[in-house]
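Dear colleague,

I am passing on the structure below, and after it you will find my notes on what turned up in it. Please read them with the model open beside you.

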Amino acid sequence: MSSRGHPDRPKGVGWSVSRRRTGGGRWRFALAALAALPLAGCGLGAGPTPTGLRLDVTRGFGADPLLSTRAPNAHGEETVMSLLLRNATVTTRYGGGFVESIDGRSGGHEGGQPIDWFYYVNGVQAPKGAADTDVHPGDRVWWDLHDWSQTEEVPAVVGSFPEPFLGGVEGLRLPVRVECASPAGDTCRTVTAHLRAAGVTSALAALGPAGEEPDTLRLLVGTWSQVSGDPGARTLERGPSASGVYARPAASGRSIALLDAQGATVRTLTGTAGLIAATRYTEQDPEWLITGTDAAGVQLAASHLDEAALHDRFAVALASTGGLLALPQPDGESAGG
């Protein structure tokens, strides 16, 4: 399992991998002993209680909402685990550091496929166990019980928008840059307008090579043929095991295959189609893709960059008919274009 593996299961009994930011956007890896939570539901110290939190619990990649509160019970310094324990009925494993069940729903197998609890803070899969991840003011914490047969790593999701653009990653607010194939075009203006409406300040640039500015959250805006030159974007063509996104754009950019949780193609969008997805390439910060099969498809995606469309979605595709399609797709959805 890689260093960005399942965030709520240890690498081995008694150990987890801790990853912390160092200068220049690099990451330092260190083994750390699991810290068992001292008292279920108790904060970790007498520090200030984080405010402006949101807690969501879902199953099936966000398809089935189980708990949603914009004012979760919190007291003192909190971790993701202690916050969950205050607001839901939880059983744990490995000394109290990892979740076994939430409100009676456990990991294990379902329909012959492995399922487990995963969590995201501000739309980013955390790199360590919930008992070791601090909660910061304004954080959106999202737990989801889902099938991980295709990948244990969905490094970033879109369903906590406008995060991570407001609060940042791991407590560090980052600059936001919108990179467009046509910076002066209507689609780019649509994206920046939606960010501004959500309270996000962003810089504007033409599409360019990744990695020029470390510690920056990037939104890539353009047709698939325009954005796929980016190494992170290109991982989508290799499926969810590489990108964490349950959509596979064709290398030609003329179609987008929509996948179910087992990685099977359920539907292929052709003609005008859009896609909003997020991923994380190597150890860089998350990047978002506002893309499509053609210019109209990109505009369709840009017009849905808002909380109402994206809430509790891992990624979304947009059909030419205007329909919004959650990813991964449910099993058994009829094929079409």
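Tryptophan 148 counts as partly exposed because its relative accessibility is 21%, where buried means under 20% relative accessible area, exposed means over 50%, and partly exposed is what lies in between (1.4 Å probe, protein chains only). This tryptophan 148 is found in the loop between strand S11 (140–147) and S12, and its C-alpha is 7.3 Å from that of aspartate 116, although the two are 32 residues apart in sequence. Helices (H or I, at least four residues) and strands (E, at least two) are DSSP runs, numbered from the N terminus.

Before going further, please keep in mind that this is a predicted model, in which local features need pLDDT of at least 70 and side-chain atom pairs count only at pLDDT 80 or more, while totals for chains, interfaces and linings use all residues. Residues are numbered from 1 along each chain as its sequence is written, and side-chain values use heavy atoms, with hydrogens and water left out.

As for the protein overall, it has seven helices and 21 strands, and buried residues make up 53% of its 337 residues. Taking contact to mean heavy atoms within 4.5 Å, 63% of the contacts between residues at least 6 apart in sequence join residues that are at least 24 apart.

The pair of helices H2 and H6 deserves a description of its own. Helix H2 (residues 186–197) packs with helix H6 (residues 295–302) at an angle of about 10°, and their axes are 9 Å apart; the axes are lines fitted to C-alpha atoms, for helices over the stretch in contact, and angles run from 0 to 180 degrees between N-to-C directions. That angle makes H2 roughly parallel to H6, given that angles under 35 degrees count as roughly parallel, over 145 as roughly antiparallel, 65 to 115 as roughly perpendicular and the rest as oblique. On the H2 side the contact is made by Asp186, Thr187, Thr190, Val191 and His194, and on the H6 side by Val298, Gln299 and Ala302.

H2 itself has twelve residues and reaches 16 Å from its first C-alpha to its last, close to the 16 Å expected at 1.5 Å a residue, the expected span being 1.5 Å times one less than the number of residues in the helix. Its buried residues are Thr187, Cys188, Thr190, Val191, Thr192 and Leu195, and these pack against strand S12 (176–180), S13, S14, S19 and H6. Just after H2, glycine 199 takes a positive phi of about 90°. In H6, the buried residues are Gly297, Val298, Leu300, Ala301 and Ala302, and they pack against H2, S14, S18, strand S19 (287–292) and S20.

Turning to the interior, a nonpolar core is here a set of buried Ala, Val, Leu, Ile, Met, Phe, Trp, Tyr and Cys residues joined through side-chain atoms within 4.5 Å. The largest such core has 30 residues, of which Ala247, Leu258, Leu269, Leu275, Phe314, Ala317 and Leu327 touch the most other members. Among the elements that give two or more residues to this core are strand S9 (113–121), helix H3 (224–227) and strand S16 (255–259), and S16 provides the largest share, four residues. A second, separate core of 29 residues includes Phe165, Val178, Val191 and Leu217.

Threonine 216 lies in the loop between strand S13 (203–206) and strand S14 (217–223) and counts as buried at 6% relative accessibility. Not counting residues up to four places away in sequence, threonine 216 touches Pro175, Arg177 and Asp285.

Finally, some backbone details may be worth checking on screen. A cis peptide bond, with omega of about 10°, joins phenylalanine 161 and proline 162, and proline 162 is found in the loop between S11 and S12. The peptide bond from leucine 327 to proline 328 is also cis, with omega near 0°, and proline 328 lies in the segment after S21. Tyrosine 94 has a positive phi of about 50° although it is not a glycine, and at 36% relative accessibility tyrosine 94 counts as partly exposed. Asparagine 122, which lies in the loop between S9 and strand S10 (124–125), has a positive phi near 55° and counts as buried at 2% relative accessibility.

With best wishes
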